[in-house]
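Thanks for making time this morning.

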Amino acid sequence: MGKVLMKGNEAIGEAAIRAGCLNYFAYPITPQSEVAEYLSRRMDEVGGVFLQGESEVAVGYMIFGAAGCGARVFTTSSSPGISLMSEALSYITCAQCPAVFVNIMRGGPGLGGILPSQGDYFQATKGGGHGDYRLFVMAPASVQEAVQMVMEAFPIAEKYRNPVMILGDGLIGQMMEPVEFPEDLVVEPTNKDEWATNGIGNRPGDTPNLVKSLFLDPVQLNSHNLLLKAKYDRMRQEEVRYEAYNTEGDYRALIVSYGTMSRVCRTAIDFLKEEGLEVAMIRPQTLFPFPEKAVRDAAGKAGCQVAVSIEMSMGQMVEDVERSIQGRCPVEWYGKCGGEVPTPEEIMDVIRGMLKK
Amino acid sequence: MGKTFKRPEALRDTPTHYCPGCTHGVIHRLVAEVIDELGIRDRTVGIAPVGCAVLAYNYFNVDFQEAAHGRAPAMATGIKRVRPDLMVFTYQGDGDLASIGMGEIIHAANRGEKFTTIFVNNAVYGMTGGQMAPTTMPDQRTTTSPFGRDVQAVGMPVKMAELLAALQTPGYITRQTVIKPKYINRAKKAIHKAFSYQMENRCFSFVEVVSTCPTNWGMTPLDAIEWTENTLLPYYQLGDCKTPEPREEAA
């Protein structure tokens, strides 16, 4: 199977189909409308379900309904649309339904801009909706990685009965890169007879299933929250993913960066190496669960003078970086918003500047 | 001699929390009887609203999902699109359907989604304690319209059945009530028709049921029935607003 040059958005759509997800509900929003445009034709080819809903609010609940009756289902949107789906995400997580959401981030807040940003880190990792819930969040740094993460997202969502969010950005969505679709990432859907509303007659026994999030009894609701928390604790133990770059030898600074921003940082690190300045990077691939230990260990290495969270936001991931490092070294932030993507030269200047201090 | 009148299988043997004089009990029963008669209990999925019927899943004996306020038609769309073999119905009040959920119901009806909506219209927000609804009558006092609904300020009550019937997509749109036995018989036939259209995969079906809320209207159950007959029914007129076009005969 050879590589195909594909636009990120289209590759994401194709990846879902290759993962056995034949149900897609979505609403157009720049910079990810190509996913819907691609799937409106492709789902028809594979006999899947495609529906453009009337709003992201409605789409969030179409996903909930479909997930609740046991179907593999996903949607894509961008920042303002994800805000509209946030209530649904709170409900879906509480009701323990598996589903995959993709956020192709754009500039914010408000209507913002249509160019890439990383301003939805808090929303994704701390819960943009109400209540105590977390999403499993993965952040690809290439179109190929987006394909892999989308394909892995479905079995993860089913394993934990929790929504999974893929946090991409406008660059990943729009650019074209060579991609192949791994056969070994295809996982059969789990049996959902225990909880899904797939019709009493379609499973053993005569008991109705109930997909709900209302627990009026406070003792019950507390127990339910403890149950959800246990899942998140398990994710923290078992599912952390990250990439370590140039951490083998000694280095004077540690960059923590994800997604598109990490690619720029990688180039900056390579250029600085040529000048004799060693800088390392931890690139989180799961933003929740965050690679706390990897970041702390990397920042605590002898010789590391500073850790910098470099993100296309006004400083969101930096709080998790600080929390992880626990004072082992000073933590700084650098970022840009609005659709501006820092250049490698800019990053090099920033690192040099921080090391001078 | 055996029992000739019994609880439908689609209804659980449990007391409900509904108020004396509330029509939810009757409507639940009619829906459950229809589910039994059509033999669809083992593939029916109901969607509960946010409203007095939020606990409907404790009373019906079929698979149920619980929607956020107003979103049931979107959830029903999700279920029906991915599992067209399931019989899907939403059960919603007037705050849920005609206020926050207005967008979802209109679009589901306009797309012709093949599920059934039971719309309980009692001109007030019941569960939250009697606030004004889009369906509250002119000059009707509620906890958020203490001087009576001022149509100059907030407009006339919404006639949902007519609104949905105005859409170009075919559907079965009807308004019924259950305040007297003759109306109950007609309402049951309408609900039966609605679910039958879904079994044929024919169209969207919508049964508005003009209902009483004695507690929040501040009336006795009997006075509430009278108020419904004298004030609600002249405005919310009973009957079929739209039926789907007849099927083309095979050539």
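Let me begin where the two chains meet: in this predicted model, the contact takes 33 residues from chain A and 28 residues from chain B. On the side of chain A that touches chain B, the elements that give two or more residues are β2 (23–26), β3 (49–52), α3 (56–68), α4 (79–94) and β9 (210–211) of chain A. The element that gives the most is α3(A), with eight residues. If you sort that side of chain A by class, you find 19 nonpolar, 11 polar and three charged residues.

Which residues sit on each face of β3(B)? On one side there are Met87(B), Phe89(B), Tyr91(B) and Gly93(B), and on the other Val88(B), Thr90(B) and Gln92(B), and with all of these buried, both faces are covered. As for its partners, β3(B) pairs with strand β1 (residues 44–48) of chain B in the parallel sense over four bridges, and there Gly46(B) stands opposite Phe89(B). With strand β4 (residues 116–121) of chain B, β3(B) is joined by five bridges, and these two strands also run parallel; in that pairing Gly93(B) stands opposite Val120(B).

Let me turn to chain A as a whole, which has 12 helices and 15 strands. Its radius of gyration is 21 Å, close to the 21 Å that the globule rule gives for 357 residues, so chain A is as compact as a globular protein of that length. Taken along the principal axes, the C-alpha atoms of chain A fill a box of roughly 70 × 50 × 40 Å. Of its 357 residues, 55% count as buried, and among the contacts in chain A with a separation of 6 or more, 80% come from residues 24 or more positions apart.

Chain A is divided into domain 1 (4–199 + 225–238) and domain 2 (242–356), and the C-alpha centres of these two domains of chain A lie 27 Å apart. Where they touch, 26 residues of domain 1 of chain A are in contact with 22 residues of domain 2 of chain A. On the domain 1 side, the elements giving two or more residues are α5, β6 (136–138), β7 (163–169), α7 (170–174) and α8 (218–238) of chain A, and the largest share, four residues, comes from α5(A). By class, that side of domain 1 of chain A divides into 16 nonpolar, seven polar and three charged residues.

Next, a helix of chain A, α11 (residues 317–325), whose buried residues are Met317(A), Val318(A), Asp320(A), Val321(A), Ser324(A) and Ile325(A). Seen down the axis of α11(A), these buried residues fall within an arc of 160°, so they line one face of the helix. What covers them includes α5 (121–126), β11 (253–256), α10 (292–299), β14 (306–311) and β15 (331–335) of chain A. After α11(A) comes Gln326(A), with a positive phi, near 50°.

Is Ala244(A) buried, exposed or partly exposed? There are 15 other C-beta atoms within 10 Å, and so Ala244(A) is partly exposed. Leaving aside neighbours within four places in sequence, Ala244(A) is in contact with Ile282(A), Ala294(A) and Ala298(A). Ala244(A) and Val256(A), 12 residues apart in sequence, are 9.7 Å apart in space, C-alpha to C-alpha.

How values were computed
Residues numbered from 1 in each chain as written. Chains lettered and ligands numbered in written order. Predicted model: local features only at pLDDT ≥ 70, side-chain atom pairs only at ≥ 80, totals over all residues. Buried ≥ 20, exposed ≤ 12 C-beta atoms within 10 Å, placed from the backbone. Arc of directions from axis to C-beta. Contact = placed C-beta atoms within 7 Å. Nonpolar A, V, L, I, M, F, W, Y, C, P; charged D, E, K, R; others polar. Domains from an automatic or database assignment. Rg over C-alpha atoms; globule rule 2.2 N^0.38 Å. Pairing = 2+ DSSP bridges.
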